[in-house]
2 protein chains.
Amino acid sequence: MELIFLGTGAGVPSKERNVSAIALTLLQELNSIWLFDCGESTQQQILHTSIKPGKIKKIFITHLHGDHIFGLPGFLSSRSFQGGDGPLTIYGPAGIKEYIETSLKVSGTHLTYPLTIVEISEGKIMEDEKFIVHAGKLDHGIPSYGFRIVEKNKPGELLVDKLMDIGIMPGPIYQQIKENAVLHTADGQVIHREEFIGTDKKGRIISILGDTRTSHLHNPLVEDSDVLVHEATFNHKKAALAKQYFHSTTTQAATMAKENNVGRLVLTHISSRYQKQDNQLLLNEAREIFPDTELANDFVKIEINTKQKNRERSN
Amino acid sequence: MELIFLGTGAGVPSKERNVSAIALTLLQELNSIWLFDCGESTQQQILHTSIKPGKIKKIFITHLHGDHIFGLPGFLSSRSFQGGDGPLTIYGPAGIKEYIETSLKVSGTHLTYPLTIVEISEGKIMEDEKFIVHAGKLDHGIPSYGFRIVEKNKPGELLVDKLMDIGIMPGPIYQQIKENAVLHTADGQVIHREEFIGTDKKGRIISILGDTRTSHLHNPLVEDSDVLVHEATFNHKKAALAKQYFHSTTTQAATMAKENNVGRLVLTHISSRYQKQDNQLLLNEAREIFPDTELANDFVKIEINTKQKNRERSN
Ligand SMILES: [Zn+2]
Ligand SMILES: [Zn+2]
């Protein structure tokens, strides 16, 4: 489970940063990849990674500004052209359906796979056996959403020592204990699973926010996330500009992370006014407030660990 | 006046070739650049050239397949974002207006410059003081056009020797002779301009064809062009596939050039099945039929000379 940043710029592409797109790889968990936003040239960026378009099974769109959606028609067509036949679902704000359907119709594109387009509103927008995704509204002039991706807890490990203490040796019966709340053994013992299973393994939480001004109203989306991806279009001094254009600064993003008990913060959606040599400054501004911050560049990968594991790693 | 190939691939982008777009620089002639097709990531390709988006004043779209139009909304937005304020006109097949207007509307994009969209049919689609552009239908399953760009002839040079023979010496009167069909001089001479002006300097002709099967019906678009840009999606052996998918082969493009007295042929729209090491083979197939052939790669520049000048150069 990792984030691969495919485009980390704001508004317009530059030589250093393409426009927005983030892949969340869930290969072990679901044998699939989810995409968050799909700015122009996302399919070209993908050519420089190990991502196979056919593995992308869900696309979440934060908002309809061009730098977040203009890569969709091309990605959908090429996924088809390359023989992708697995279904694909797109979640996005109202209007996304008209945009995609018009683009495909006018260009005479016939997809080889079933495409579902879900126009979202606030609340739980999807749930499967392993994940729940919530959407929450942000503050960006046009409707913009943040996504909170919650991995479900996994049952704890079997307490082998404790089982052996009562004379139950390893074998097929261990699987049966895992699968049944109460089990009667051949020799008449009654095993209550809860007594022989460790505590749940906590699932991870990733929050990916679209373009937005900073606001305490976003706390429920963000709190206790293991990884928060937040836009930082401007540096600290440009707070007035950020407010005017419905964006955030480095320090606003860091404050959001700090106040919400986040594990790790990743800044993205960096204005093209900043060059390579400004990256360290932007990063330092955020780290002064929230030390566990990274600044995303195109093709950067961020592994998703629980806060607990992150903390152990840095000790 | 030169062609800059921004994308030379077919259907889907590859690491080697982006999807279709060609710039025709008319900086000396009109202080502007024209674009032919605008596949996804054209604006990103432009970042790696000296082309300024604000200088692009006309875009001609051959057909509406995604690999030829999906870069339009992003290009239009970024041209605006970067403060472009000069008007832009787009010429393309019916449907282009709906595609552009829906993309701009859904994404909340407000352009800073006047945009005119002209849905074309066969015939003369534009004329200014220096150029005429004709469109002709091709054979591609969906409506696809070829463009014949004709530079108007320029008046010849003043025959200075002949004027001096009759006693008219260099001075402001030379400009008057150029500007008037008949001029009465102060000392009573009558000068008929046509007797003292050399033959017209022939303008150049460039033909740029969209995706198409080969056909003699396209001869009027192509004949006597100084430069012909023709698709060559497939190699010679794949003629059946080319026909099936409404495309052309290397040798079909070369035959078209040979039979139409063309100056120079440039092949583009090369299938991603061909790798770098296949380029020479593709080129050789065409050159056997039409020696003055080039194979376009992304960022290749081709200077536009008259056939006459081309011939002198190669001698
Ligand atoms: Zn944005
Ligand atoms: Zn094409």
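The structure is a predicted model, in which local features need pLDDT of at least 70 and side-chain atom pairs count only at pLDDT 80 or more, while totals for chains, interfaces and linings use all residues; side-chain values use heavy atoms, with hydrogens and water left out. Residues are numbered from 1 along each chain as its sequence is written, and chains are lettered from A and ligands numbered from 1 in the order in which they are written.

Chain A contains twelve helices and 16 strands; helices (H or I, at least four residues) and strands (E, at least two) are DSSP runs, numbered from the N terminus. The C-alpha trace of chain A spans about 75 × 50 × 35 Å along its principal axes. Of its 315 residues, 56% count as buried; buried means under 20% relative accessible area, exposed over 50%, and partly exposed in between, with a 1.4 Å probe and protein chains only. The accessible surface of chain A amounts to about 13,800 Å², and 51% of this belongs to carbon and sulfur atoms; such areas come from the Shrake-Rupley method with a 1.4 Å probe, and for residues only the protein chains shown count as cover. Contact means heavy atoms within 4.5 Å. Among contacts in chain A between residues at least 6 apart in sequence, 63% join residues at least 24 apart.

An open sheet of seven strands is found in chain A, in the order S6-S5-S4-S3-S2-S1-S16 and with mixed pairing. Its edge strands, S6 (115-119) and S16 (301-303) of chain A, each pair on one side only. Two strands pair if DSSP finds at least two bridges between them. Neighbouring strands of this sheet are turned by 20 degrees against each other on average, direction ignored. Axes are lines fitted to C-alpha atoms, for helices over the stretch in contact, and angles run from 0 to 180 degrees between N-to-C directions. Within the sheet, strand S1 (residues 2-7) of chain A runs antiparallel to strand S2 (residues 21-26) of chain A, and five bridges join the two. Gly7(A) stands opposite Ala21(A) in S2(A). Helix H4 (residues 72-81) of chain A lies across strand S4 (56-60), strand S5 (88-92) and S6 of chain A, and runs at about 170 degrees to S4(A). Helix H5 (residues 96-106) of chain A also packs on the sheet, where it touches S5 and S6 of chain A, and its direction makes about 150 degrees with that of S6(A).

The zinc ion (ligand 1) is coordinated at 2.1 to 2.4 Å by Asp67(A) (OD), His68(A) (NE2), Asp211(A) (OD) and His269(A) (NE2). Donors are N, O and S atoms within 2.8 Å of the metal (3.2 Å for Na, K and Ca); water is not among the atoms, so sites may look incomplete. The arrangement is irregular because the four donor atoms subtend angles of 85 to 170 degrees. Four donors count as tetrahedral if all angles lie between 85 and 135 degrees; four count as square planar and six as octahedral if opposite donors are over 155 degrees apart and all others between 65 and 115; anything else is irregular. Along the chain, the donors of the zinc ion (ligand 1) follow the spacing D-H-x142-D-x57-H.

S1(B) pairs in the antiparallel sense with strand S2 (residues 21-26) of chain B over five bridges, and with strand S16 (residues 301-303) of chain B over three bridges. Glu2(B) stands opposite Thr25(B) in S2(B), and its bridge partner in S16(B) is Glu303(B).

Asp298(B) is located in the loop between strand S15 (293-295) and S16 of chain B and is buried, with a relative accessible area of 16%. Residues touched by Asp298(B), not counting those up to four places away in sequence, include Phe5(B), Leu6(B) and Gly7(B).
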